[in-house]
Amino acid sequence: MVASKVGITLLPESTSNDLTSDVKTIPITESLMEWNLAFVWKKDAYLSQTNKKFISFAKNKLV
């Protein structure tokens, strides 16, 4: 969404390192914040190939 000029986001640095050069990243230093995140989707729901690829990407980069 950021690359499409629709908004801004807050991402883990490990993920933002792999972004394309057409988006601007600003590292957050000296943060006291800890994140415990989870991906959630309906267990028996259909997942598009795009969703499956995104989940795979997230697992490889964030887990």
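Let me start with Tyr-46, which in this predicted model sits in the loop that runs between helix 1 and helix 2. Its relative accessibility comes to 72%, and because exposed here means over 50%, Tyr-46 counts as exposed. If you follow the chain back from Tyr-46 to Pro-27, you cover 19 residues of sequence, and the C-alpha atoms of those two residues are separated by 36 Å.

Is Met-33 buried, exposed or something in between? With a relative accessibility of 48%, Met-33 counts as partly exposed, because that value falls between the 20% limit for buried and the 50% limit for exposed. Met-33 is also one of the residues in a nonpolar surface patch of about 530 Å², where the other contributors are Leu-10, Ile-28, Trp-35 and Leu-37.

For contrast, let me turn to Ser-16, which is found in helix 1 and is buried, with a relative accessible area of 19%; the cut-off for buried is under 20%, so this value meets it. Ser-16 and Lys-59 are 43 residues apart in sequence, while their C-alpha atoms are 15 Å apart in space.

Now to the chain as a whole. The protein contains two helices and zero strands. Its radius of gyration is 14 Å, whereas the globule rule gives 11 Å for 63 residues, and since the value for this protein is well over that figure, the protein is more spread out than a compact globule. Taken along the principal axes, the box filled by the C-alpha atoms is roughly 40 × 30 × 20 Å.

How much of the protein is buried, then? Of the 63 residues, buried ones make up 10%.

Note on methods
Residues numbered from 1 in each chain as written. Predicted model: local features only at pLDDT ≥ 70, side-chain atom pairs only at ≥ 80, totals over all residues. Heavy atoms only, no water. Patch = residues over 30% accessible without salt bridge, like charges linked within 9 Å, V, L, I, M, F, W, Y side chains within 5 Å. Areas by Shrake-Rupley, 256 points an atom, 1.4 Å probe, with all protein chains shown as cover. Salt bridge = Lys/Arg side-chain N within 4 Å of Asp/Glu carboxyl O. Buried < 20%, exposed > 50% of the residue type's maximum accessible area, 1.4 Å probe, protein only. Helix = DSSP H or I, 4+ residues; strand = E, 2+ residues; numbered from the N terminus. Rg over C-alpha atoms; globule rule 2.2 N^0.38 Å.
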